[in-house]
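Biologist: I am new to this structure. Please show it to me before I ask about it.

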Amino acid sequence: MYQYFYELLGSEILATLITAAVPLVNVLLAALIGVYLERKVSAHMQDRLGPMRTGWHGIFQTVADFIKMLQKEDAVSTEVDKKLYNLAPVLVFTGSFAAYAVIPFSSKVIGTEAEVGIFYLLAISSLVVAGILMAGWSSNNKYSLLGAMRSASQIISYEIPTAIVVLSMVMYTGTLSLDKMSQMQTAYFWNWNILGGAEFGFAKFLLIPFMIVGFIIIYISTLAEVNRTPFDIPEAESELVAGYFTEYCGMKWAMFMLSEYGNMFAVSGLVTILFFGGYQSPLGYFGDAIGVHWMIPFEQVFWFIAKGWFFVFVQMWLRWTLPRLRVDQLMSLCWKYLIPYAFVNLIIIGIITLL
Amino acid sequence: MALKTETMVLNMGPQHPSTHGVLRLELELEGELIKKVIPHIGYLHRCFEKHAEAMQYNQVIPYTDRMDYLASMYNNFGYVIAVEKLMGIEVPERVQYIRLIMGELQRIASHLVALGTYGLDIGAFTPFLYLFRDREKILSLFEMTCGARLLYNYMWVGGLSHDIHPDFQRLTKEFINYFKPTIVELDSLLSYNKIFIERTANIGILPVDTAINYGVTGPMLRGSGIKFDLRRNDPYSIYNRFDFDIPVGKGLVGTVGDCWDRYYVRVREMEESLKILEQAIDNIPEGDVQSAIPKRIKPPKGTVYSRVETPRGELGYFIISDGSTNPFRVKVRAPSFVNLEVLGELCKGHLVADVIAILGSVDIVLGEVDR
């Protein structure tokens, strides 16, 4: 992508800026659409209409809300630790923004084709924990502190099953690059990893059940990592008011919110890439069929977004259906069930891959 | 050397999303473990009892509306029964029937709020809105009858403020038929949800003896397994003519007397209320609802204690009359106030998240606690 813009514009600075802007646009769009979608999905599940006034079916509601957020007074309590308090939302947002740099929306639209993309993604999204702890501690509010403590323990615990499943997929595909992983699952949907990957033969069918288990484990643990119901314990509204961002308002609060919705799409994208072919079309490309090859990247963007938003929709669906677990139940789910299963799954996939 | 630790004091409320009003809880925590819970009340104190002394008997009725504002009809009911007992008034059959129907509709409406907000406390948002949708239908029936949706001032001493609307019986029957399947829906959506059971079963167990020692009544007492309902044990109005069960906690998914039992007793009580409504709605006799209203309410000297079973428990009115047009003293035994006291016992040794679950299952209305 950088190469393309460099050749087009002939300027390193411009090309770098544009390349850097791509993830930013992606994360902002994901957040804006995510907030709107959440409102509509929840509304229609609950016999309501949701926002209807701003634009057609209220599609500009989120934009209007963010304009409101920008205009709000930045009220800061006198008792807070100013430096950390101001740094925390930036750090949290940076974490989710930076994660978008390696997510391939298509074979052409990708911030950077890092060879260690998946490693980088896991590492950079852990930055969020530091931001959350900062926010909770610096707010000087007991509810925030409790929320931050819960959040840190939750996110760190659930990173383990996520990492184990990712590891098994890395073992199977033999690459750390998200782009390459997507390319391997090309052509039709039976080449997706959830259905045993692009290879044929006995091993493919042997793999399918373990791939499904892996998918379920990573989906549950990413759900917990982005603090969604039934794992929204850190910000449990009915217990901790709003958890770690109770004391925030205006644009700083909006940054927590943006990053939350940004993360939702990011983890859905990760699941899509690992198991559901990434940006690959399930039924071949229209551009291939009619011989217009420049169309293919656009089709890929469409498929990636469609798959990603489908998983975001499932997250919302779960959120508005299920109650919330308790802290100890959440931890026991992770340590007693997910981690052992993920580990066994890792070993079995490893053995099958060796065969 | 042992690590030196301190307990943390967490102030929950009066501005908190789940304290069901302006209750303030002082929690003493060790990590997230509860050491002690001290409820602080009085943020909604409006001197109801003192006000009543300066008012004529019928002027007190609107104030009773504002005690348990989720079950205003029943608060009216209890008060007018007490005054009628004091004066020895016999009310017409039609009035008896309409009062009972309103009372049972109110019980369903009140339980719908209790169950919905309980789901909300546990984190399930959607059942809350489903139940409010159904409650709205009951409120529309009330609105059609007396013009108000929340604070009715409907039952008067010796009669009612308005007769029912000609369509009332038909619409109530429609509601009964509509509402039966939604209880099944609630069961599948919330009551038997795995996570919901995890959160509420074996939490906040209220043993029978503790319940009796604290004077707990209503669904809380029945949740602990005691079949005690004033509609059956000390019948008032015309409740002894109807056939209905008294659901009690059986510990279906946990221990008898846990949060889930208290929750489930309310669900089953709605079914029983529907049963009573079905029996009563077609049998309303003809008559005048205002014929027995005395011109001047001036009870003889004396005292009276009268109690009714509101959705929250035993609501008692103790009235002293000195023979004038104003009551000398009105004392209310509010069920929420008494039930709230047991909170400290229930919360010991649980986590912060459980306090919310337990408080929700107690189902308090602060208007009644503070009066």
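Biologist: Which is the relative direction of α4(A) and α6(A), roughly parallel or roughly antiparallel?

Modeller: This is a predicted model. The axes of helix α4 (residues 82-99) of chain A and helix α6 (residues 127-138) of chain A come within 8 Å and cross at roughly 160°. Angles over 145 degrees count as roughly antiparallel. Therefore α4(A) and α6(A) are roughly antiparallel.

Biologist: What is the handedness of the crossing of α7(A) and α9(A), left-handed or right-handed?

Modeller: Helix α7 (residues 142-173) of chain A packs against helix α9 (residues 202-225) of chain A at an angle of about 150°, with the axes 8 Å apart. That angle makes α7(A) roughly antiparallel to α9(A). The crossing of the two is left-handed.

Biologist: How many residues of the contact of α7(A) with α9(A) are charged?

Modeller: α7(A) contributes residues including Gln154(A), Tyr158(A) and Glu159(A). α9(A) contributes residues including Ile217(A), Ser221(A) and Glu225(A). Seven of the contact residues are nonpolar and six are polar, while the charged ones number two.

Biologist: Is helix α14 of chain B mostly covered or mostly exposed, and how many of its residues are buried?

Modeller: A residue counts as buried if 20 or more other C-beta atoms lie within 10 Å of its own. The buried residues of α14(B) include Val352(B), Asp354(B), Gly360(B) and Val362(B). Helix α14 (residues 352-362) is mostly covered, and the buried count is 11 of 11.

Biologist: Which residue just after α14(B) takes a positive phi?

Modeller: The buried residues of α14(B) include Ser361(B) and Val362(B). Just after the helix, a positive phi of about 55° is taken by Asp363(B).

Biologist: Which helix gives the most to the side of chain A that touches chain B?

Modeller: In chain A, 22 residues are in contact with 25 residues of chain B. At least two residues of that side come from each of α7, α10 (237-240) and α14 (327-354) of chain A. By class the side has 10 nonpolar, five polar and seven charged residues. With three residues, the helix that gives the most is α10(A).

Methods. Residues are numbered from 1 along each chain as its sequence is written. Chains are lettered from A and ligands numbered from 1 in the order in which they are written. This is a predicted model: local features need pLDDT of at least 70, side-chain atom pairs count only at pLDDT 80 or more; totals for chains, interfaces and linings use all residues. Axes are lines fitted to C-alpha atoms, for helices over the stretch in contact, and angles run from 0 to 180 degrees between N-to-C directions. Helices (H or I, at least four residues) and strands (E, at least two) are DSSP runs, numbered from the N terminus. Angles under 35 degrees count as roughly parallel, over 145 as roughly antiparallel, 65 to 115 as roughly perpendicular and the rest as oblique. A residue is buried if 20 or more other C-beta atoms lie within 10 Å of its own, exposed if 12 or fewer, and partly exposed in between; C-beta atoms are placed from the backbone. A crossing is left-handed if the near helix is turned anticlockwise from the far one by less than a right angle, and right-handed if clockwise. Two residues are in contact if their C-beta atoms, placed from the backbone, lie within 7 Å. Ala, Val, Leu, Ile, Met, Phe, Trp, Tyr, Cys and Pro count as nonpolar, Asp, Glu, Lys and Arg as charged, and the others, Gly among them, as polar.
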